[in-house]
Amino acid sequence: MLRIGILTSGGDCQALNATMRGVVKGLANNAEDLEVYGFMNGYKGLIYGDYRMLTAKDFSGILTRGGTILGTSRQPFKLMRVLDENGLDKVEAMKQNYYKLRLDCLVILGGNGTQKTANLLREEGLNIIHLPKTIDNDIYGTDITFGFYSAVDIASNAIDCIHTTASSHQRVFIVEVMGHKVGWLTLYSGIASGADIILIPEVPYDIAKVIEAINKRKQRGSGFTILAVAEGAIPKEIAALGKKEQKKALEDIAKQYPSISYKIADDIQKETGMEIRVTVPGHMQRGGSPCPYDRILSTRLGSEAAKAILDRDFGNMIAMVNGKVKRVPLGDVAGKLKTVDPKCQEIQDAKRIGISFGD
Ligand code: F6P
């Protein structure tokens, strides 16, 4: 008998179901007796013992379904060691539920924060397999995370739509792209949709350079400009501050504007007098069906997770490394962030064709 627990934690994304399907089908087809315990709403389900017994059938027909059939929640890592409002030790509670159900392994799908807790549970002695989920693509140790290319599709479509209206009205348009503290999603969707200016956290922007790029386009006869702006984009004068001052400066911006894009719009408007519009696709970027690339990636990662469980090889993230599916020790990667290298080839290639990064 093989007993596995499975949960999805953190913000959802498109290929969570596709990945779980890969894991469970990979096990069901290769293990004699299988019991699957699906914990509801992320770590919450594991802490409070909220689970459903599932069969391989529950994972059929969900390859293309967005969201997660198990539900999810954000359980910040920094609060994991803090007792809950009833004095419950959450880490101990998770361990007890794992042992009570006599699980052989716990499969955890999630992003950076989720991965840190997965590693903590590994250090506490549980058999863990982590699968890297996020539209942000910021998980260290894997080339790619599932959800990323589906979100690239949606953000690119949003910028494509803006293109036709921007050109008709001779306006400056800012499309704000998700990505938390990193710029992968903005960089890829910006290039994919022909944005004129791409602003990402890893390349702090100089507003004078942004305005220069807009004016240059005007002089060349292009009356409109499209900016793909990461939600974490940062002005270079703020990026240069110490941690505490930087935090305060960003808080001040947040008091004045709904997000950084609106500050950039305000700065451009004041300087150029041009009409500016801001579009924020927001959580649409995490919605809908996974794109075919993500379906393939998720199926492969899920299938390898099943193999690792059958091999009883635990404590790893199942990752894509140089185009190959690999098992990467969780202890080597947990707590690290994969940011965009400002000197990367994608940026150099984009700059060569005239895309400005505001630097
Ligand atoms: O990590 C995925 C992500 O969508 C980020 O891009 C974004 O900053 C954040 O989650 C939004 O979180 P929430 O769903 O809690 O608003």
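## Close-up views of a predicted model

Domain 1 (2-147 + 290-333) and domain 2 (151-285) both contribute residues to the shell around the ligand, so the ligand lies between them; the domain bounds come from an automatic or database domain assignment. This is a predicted model, in which local features need pLDDT of at least 70 and side-chain atom pairs count only at pLDDT 80 or more, while totals for chains, interfaces and linings use all residues. Residues are numbered from 1 along each chain as its sequence is written.

**View 1. The shell around the ligand.** Among the residues surrounding the ligand are Gly 11, Arg 74, Asp 136, His 180, Glu 231 and Arg 286; a residue belongs here if its C-beta atom, placed from the backbone, lies within 6 Å of the molecule. By class, the shell has two nonpolar, five polar and four charged residues. Ala, Val, Leu, Ile, Met, Phe, Trp, Tyr, Cys and Pro count as nonpolar, Asp, Glu, Lys and Arg as charged, and the others, Gly among them, as polar.

**View 2. His 180 in its loop.** Look for His 180 in the loop between strand E6 (172-177) and helix H6 (184-192). Helices (H or I, at least four residues) and strands (E, at least two) are DSSP runs, numbered from the N terminus. His 180 has a positive phi of about 55 degrees, although it is not a glycine.

**View 3. Asn 322 between two strands.** Asn 322 sits in the loop that joins strand E10 (316-321) and strand E11 (324-329). Asn 322 is not a glycine, yet its phi is positive, at about 50 degrees. Asn 322 counts as exposed, because it has 6 C-beta neighbours inside 10 Å.

**View 4. The largest nonpolar core.** This core has 96 residues, and those with the most contacts inside it include Leu 106, Val 175 and Ala 305. Helix H5 (residues 148-169) gives the largest share of this core, 10 residues. The core also draws at least three residues from each of domain 1 and domain 2. Such a core is a set of buried Ala, Val, Leu, Ile, Met, Phe, Trp, Tyr and Cys residues joined through C-beta atoms within 7 Å.

**View 5. Helix H9 in the open.** Of the 14 residues of H9, the number buried is zero, so the helix lies largely in the open.

Terms used:
Buried ≥ 20, exposed ≤ 12 C-beta atoms within 10 Å, placed from the backbone.
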